[in-house]
Amino acid sequence: MRFLHPNHPLKTIWDVLVIVATVIACVESPLRITLNYPMTDGLLRYDLLVSLMFVADVMINFVAPLQEGKKLITDPRMIAGRYLRGWFVIDLLSALPFDLLLGGMAGGTANRMLRLLRLTRLLRLVRLAQFMRKISRRSAVAPGVLRMAYLVFWILMAAHFTACIWLYLGAGNSAGTSGNYAMDDSVRNYVRALYWVTTTLTTIGYGDIAPVTNVQTVFTMFVQLMGAGMYGFVIGNIANLIANLDVAKAQHREKMEKIATFMKYKSIPADTQNKVEDYYGYLWETRRGYNEFQIVEDFPRPLRAEVLMFLNREMIQKVPIFEGASLDFLTEIVLSLKPVVYPPGSYVFKKGSVGRNMYFISRGTIEVVSEDGETVFATLTGGNFFGEIALLLDQPRTASIRSADYSDLYTIDKETFERVLKNYPEVESQIQEFARKRQEEMKKESAKRGSTPS
Ligand code: CMP
C-alpha cells in the first residue's frame, strides 16, 4: 500500500482534505451550539460525511507508515502501537457523530450541556500543528510567510470561539439562544459578537456592547485580560515576522548601505563605486547574497560534502575529467574547492606568474590571452578548467587569463590538488593529457606569432 506512505501525493491530498474538514467543522460546531439553528437534511448529511472522513482517517492512521526523523516505520504492530498511545483517543472522540447518536438533539430541543458534546470536533485542531510542521518542511513558501499565515489563522479562530462563547452566554442575542430562530437575527448577532470581540481583544473597548449578567461580566473581564496580553504578543510577533520575512534581502540592503557610505566617506571614484555596486548586484542575482562557503563551514564533514555535491552538481556534470570519476574523488575535490568571482575585464592571473591554484569554471566566460591581452587564444565557459599546466608541469603560467563577464570560478590550491591526485592517478593522467595538448597548442601559437611580426 505505497499510497499510504507519508510522502505519497495521494496521502498528502488525503491529509489536506482531512485538515480542511477539520477547520470547517471547528468553525461550524461552535456556531451550531450557540445559534442552535435547525438541523436540515443537508446539515445532517454534511455531519455524517465529516464523521465518516474522520473515522476513515482513524483507520488509515492504524496502518499508514510513519516517518520518524529519517526512519520510516512500516511494521504494522509498531504503527498501531504508536497510534494507540498517541493521537487515537483524540481522533476517535472527534470522529463521533454526536448529532446522529443523540438523535433528539436536532431541532434545538436538546439540553444546552449536551450540545457541548459537539465540541469534541475541536480536539482535532491540535493535529493542525503537526500538519503545519510537515507542510513547512516541504513547501516552497518562505517559513516566515507560513508562520504569519498560521498566526493569523489562530487569531481568527480565537476571535471566532470567543464570539461564540459570548453568544452562548446569551449576550447581545436579540433572538434568544433557543427558539425564535431567524437567520437574519443570527447573522446579525454573530457579526455583533465578532465586533464586540474585536473591540475588546484589541483593547479599544468602545463599550457600546456591554455585559449584563454576572457571568457575562466575568467573561468580559477574562477576555479583556487576554486581549491585553494577546495584543502585545501578536503585534510583537507580526513585527518580528515582517522583519524576518526576507532576512537575506534586509542584510544585503544593510551591507550595501554600509559600503556606499564608506565609499562616499573615502571619496572613492564614482566609476569604482559603480563597479563595487555592480559586483554586489551580481552576487545578489546569482546567490541572493548568501556565501555558500561560509554557510557550510560549520557543517560536519559528511553533511558539508552532501550539500556541496548538490550545489555543484551542474558543474561536476560538465567537467569532462570528472566524468566517470569515483564518488570519493569527487567528494574530496568538492570539499577542497573555494568559490571566487571575477568581474568583467579582470585578470585571474598574468602570463609568467607563479602558479599556485587551478580553476574550474562554474559560470561565465574566461579568455586565455597573450601577455598584452590583445590576442585571445581560447575562450572557456562553464565546465572547463584552466591553470593546470603551471601546477602539473611546475612552470610559470603559459598565458594570461581574463574574465570576459562575471565569472563564477572554483579554485583549488596546488598542495591540496597534488595530495588528492596522488590517490587518483587515472584522473591525474587525464589532466596531464589536457596540459600537454594545451602546451603544444601554445607553443605552436607563439611560434606563429614569432614568425609573423605584428
Ligand atoms: P597555466 O599555464 O597554468 O596558465 C594558463 C592556462 O591557460 C593554462 O595553464 C591552461 O590551463 C590554459 N590554456 C593554455 N592554452 C590553452 C588553450 N590553447 N586552450 C585552452 N586553455 C589553454
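**Ligand shell, sheet and selected residues**

By class, the shell around the ligand consists of 10 nonpolar, 2 polar and 4 charged residues; here Ala, Val, Leu, Ile, Met, Phe, Trp, Tyr, Cys and Pro count as nonpolar, Asp, Glu, Lys and Arg as charged, and the others, Gly among them, as polar. The model is predicted, and local features need pLDDT of at least 70, side-chain atom pairs count only at pLDDT 80 or more, and totals for chains, interfaces and linings use all residues. Residues are numbered from 1 along each chain as its sequence is written, and side-chain values use heavy atoms, with hydrogens and water left out.

The ligand is surrounded by 16 residues, the closest being Gly-387, Glu-388, Ala-390, Arg-397 and Thr-398; a residue is near a molecule or strand if one of its heavy atoms lies within 4 Å of it. Polar contacts are pairs of N or O atoms within 3.5 Å; within protein, one atom must be able to donate a hydrogen and the other to accept it, and residues adjacent in sequence count only if both atoms are side-chain atoms. An N or O atom in the side chain of Thr-398 is 2.7 Å from an oxygen atom of the ligand. For Arg-438, the distance from a side-chain N or O atom to an oxygen atom of the ligand is 3.2 Å. A nitrogen atom of the ligand is 3.0 Å from an N or O atom in the side chain of Glu-441. Of the 450 Å² of accessible area that the ligand has on its own, the protein covers 97% (Shrake-Rupley method with a 1.4 Å probe; for residues, only the protein chains shown count as cover). Two or more residues of the shell come from each of strand 7 (376–381), helix 17 (388–392) and helix 19 (425–451). Helices (H or I, at least four residues) and strands (E, at least two) are DSSP runs, numbered from the N terminus.

An open sheet is formed by 4 strands in the order 3-10-5-8, with antiparallel pairing; two strands pair if DSSP finds at least two bridges between them. Strand 3 (338–342) and strand 8 (385–386) are at the edges and have a single partner strand each, so one side of each is left without a neighbour in the sheet. Strand 5 (residues 357–363) and strand 10 (residues 407–413) run antiparallel and are joined by 6 bridges. Phe-360 has Tyr-410 in strand 10 as its bridge partner.

Asn-61 belongs to helix 2 (residues 41–63). Asn-61 counts as buried because its relative accessibility is 14% (buried means under 20% relative accessible area, exposed over 50%, and partly exposed in between, with a 1.4 Å probe and protein chains only). Not counting residues up to four places away in sequence, Asn-61 touches Ile-79, Tyr-83, Asp-91 and Arg-127, where contact means heavy atoms within 4.5 Å.

The loop between helix 9 (183–201) and helix 10 (214–244) contains Ile-209. With a relative accessible area of 16%, Ile-209 is buried. Contacts of Ile-209, leaving aside neighbours within four places in sequence, are with Trp-166, Arg-192, Tyr-195 and Trp-196. Between the C-alpha atoms of Ile-209 and Phe-3, 206 residues apart along the chain, the separation is 53 Å. Thr-203 is also found in the loop between helix 9 and helix 10. Thr-203, a residue other than glycine, has a positive phi near 65° and is partly exposed, at 45% relative accessible area.

Ser-267 lies in the loop between helix 11 (247–265) and helix 12 (270–287). Phi of Ser-267 is positive, near 50°, in a residue other than glycine. The relative accessible area of Ser-267 is 61%, so the residue is exposed.
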